[in-house]
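Subject: Structure for you to look at

Dear colleague,

Here is the structure you will be working with. Please open it first; my notes on what was found follow below.

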Amino acid sequence: MEEVDVEPSPMLIPSAGFHQRHLGFEWGPGDLLVYETNYKLQGPRSAGSPLVHVVRKDEDICSPILRKLFNESHLIFVGLQKIKEDVPSKNKKSQFVSISKNYRSVIRACMEELQQNAVSAQDGSLASQYGDQVSILLAIELIWNLCEVLFIDAAPAGSLLLHLLDWVRLHKSDVDARAREVLQSESPAQHQSYWDVVISLVLQGRMDEARQVLSKQASLRAESSSVFKRMDVLLQTMPIFNPTGTQTLTEFDVKWRHWHEECDRCLQDNTFASNRHLETIVKILVGDEDTILEQKELLSTWYHFLVTRLLFTHPTIKPPDLHYYAQSSMNMFLGPRAPPEPLDIILLSAFEFDLHQVIKDCSIALNNWWFVAHLTDLLDHCKLLQSHNLHFGSNLREFLVLEYASGLFTHHSLWQLAVDYFDHCPEFGRVYLELQIERIPLDTERKAIKVLRICEDRQMSEQVRSICKIMAKRALRNNRLGSALSWSIRAKDAAFATLISERFLQDYCNKGSFTDLDLLDNLGPAMLLSDRLTFLGKYREFHRLYGENRFSEAAKLLLSLMTAKIAPRGLWMTLLTDALPLLEQKEVIFSVDQTYELMSCLEELNTGTKDSNTTDQDEDIESTKTELLRLALARNLAMAIVKEGTIET
């Protein structure tokens, strides 16, 4: 087994493990339960702590704001899976870049909302929590944007530096705020941050804006206007590569070298010696690394230093050469004493085009799988991860998506998103879904129906039966017979359907009427699931026919239930009693043969073994019913014989 690169950071659990007590634990799908036990190696046992601590690996999943990130990125993920393989690669590239920007816009929106909440939060600890989440999202967006430039858009020489400048400008936005502050002041040229703003704009390659701010100073100093004009010309004439233009990279390089030589000439001639700020700017323009490094506070990061260094020394940098400049820039900026942060190492791996290391380091550094799962999925669609297969049967993309989706399943509402992620993991997605879906607490019938629909859409028959059985048993415990029968039918559980049918019949015997008539009247072919259910459905049909005054059809159905032995023997007396109103009708309902069959059933019932638990009172009631039935049957037989004899004559 491969060892981890770093030791896992310890987690302190308040009040747990003190007083030399042993800790017990229980693993869950997304968290860990920790508790103190009474176990002691020696001496008397002491009372354990009454507290159970829940240790969560991923707290972000509980954040309402970050849930928006999960929900919106899910839609982008599903849309990405729909891109067809047969689309030309040129068209795909623009689609992939667009999808990457969509992901980043979702991150940005979430980050802005967190920042607003951090400002408005009254609770200091909550504001600190929001601030931490903002920092994490800033790092995520920074890494994602760089990966978009280097891997997804794969900008060539010339365009590469333009994209890197945009990347730096986007993530060093404090320059704009300071520039507005300076320009909106009463005397911009006298503002304490004036020259910091000018130099910051130059460091980011924003020459037109730098010229605009510089003009405020030139208008105040008439005696040195020629020096400012000279600087203005240098800034204005700095060549910028246009990827959509007709100029070739070679032509641009020649033009840039001429401009660079002109800047160097001005420096050598001491053109700007009278103004130390302008001299600093011209040293930056010629790419003097010591001068650029002196602006550490304005640059703030080594990767900003890298892009500025390339802008003024090697604007036509090719992607394969980036790693050399990145490594040296980091070393120069941080120095020998400052160790690189995890973010620095991740960005350096990206500049070295080591995608696998980027994903690996992000997996270790970040506290959830959202970022690595979605980035890896996008890179996999770009065919950039084909060589990275894992040793345990799944590729890197599927492994990370499965881990992320498994985490979503621990949340009470986000589990529905996880289903789509599992659906797009062809190797192990279904297996994971089958295991995870069984862990969903079926709190309400509405939630159970959602889960059931998911299982039915994917032909997960075992899970369908399991869910239906659980809900049927729960409904039966709550004496909701209709719901219990409905769930048992969906589960195709004949034994349980028989049990519930028995309960329906018992209720009928006790109350004299059926409940849940809509269900019983519309059983259809489902009544064939078990003999008892068939009897229940047909018996209810008999009552419906009787209620509609269709006595002849009702009589035939009642007789067939008894003669076909569908009716349980314990209900024969009930069925014969139900026949009494039909026997008492003025019109003859039962024919001679049907009357004889009823008589036969009555005699068979009376000649059977008696229940030993029957009381004398019950026997008297049964005896009275029998006498009444015999009398009614005899009267009906006489009327039927007369009627049939009259018809024959």
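How many salt bridges does the count come to? The count comes to 28 salt bridges, a salt bridge being a side-chain nitrogen of Lys or Arg within 4 Å of a carboxyl oxygen of Asp or Glu. Side chains of opposite charge can pair when their charged atoms come close.

Before the details, some notes on the source. The model is predicted, so local features need pLDDT of at least 70 and side-chain atom pairs count only at pLDDT 80 or more, while totals for chains, interfaces and linings use all residues. Residues are numbered from 1 along each chain as its sequence is written, and side-chain values use heavy atoms, with hydrogens and water left out.

Overall picture

The secondary structure comprises 30 helices and three strands. Both are DSSP runs numbered from the N terminus (helices: H or I, at least four residues; strands: E, at least two). The protein has 649 residues, of which 44% count as buried. Buried means under 20% relative accessible area, exposed means over 50%, and partly exposed is in between (1.4 Å probe, protein chains only). Of the contacts between residues at least 6 apart in sequence, 63% join residues at least 24 apart, where contact means heavy atoms within 4.5 Å.

Salt bridges

Arg104 and Glu141 form one of these bridges, with their closest N and O atoms 2.9 Å apart. Arg104 is in helix H2 (residues 89-120) and Glu141 in helix H3 (residues 124-152), so this pair links distant parts of the chain, 37 residues apart. Arg104 counts as buried at 12% relative accessibility, and Glu141 is buried with a relative accessible area of 1%. A network of salt bridges links Arg104, Arg108, Glu141 and Glu148.

Arg265 and Glu262 meet in a salt bridge at 2.3 Å, N to O. Both are in helix H9 (residues 249-268), three residues apart, which separates them by about one helical turn. Arg265 is partly exposed, with a relative accessible area of 41%, and Glu262 counts as partly exposed at 25%.

In the bridge between Asp423 and Arg458, the closest N and O atoms are 2.6 Å apart. Asp423 lies in helix H19 (residues 415-423) and Arg458 in the loop between helix H21 (445-457) and helix H22 (461-477), so the pair ties together parts that are 35 residues apart in sequence. Asp423 is partly exposed at 36% relative accessibility, whereas Arg458 is buried at 19%.

Aromatic rings

The count comes to 23 aromatic pairs. Rings of Phe, Tyr and Trp (its six-membered ring) pair if their centres lie within 6.5 Å; planes under 30 degrees apart count as stacked, over 60 as edge-to-face and the rest as tilted. The rings of Trp369 and Phe399 have centres 6.3 Å apart and planes at 80°, so they pair edge-to-face. Trp369 sits in the loop between helix H16 (355-365) and helix H17 (370-381) and Phe399 in helix H18 (residues 396-408), so the pair ties together parts 30 residues apart in sequence. Phe399 is partly exposed, with a relative accessible area of 24%.

One aromatic cluster is formed by Phe70, Phe77, Tyr404 and Tyr421.

Regards
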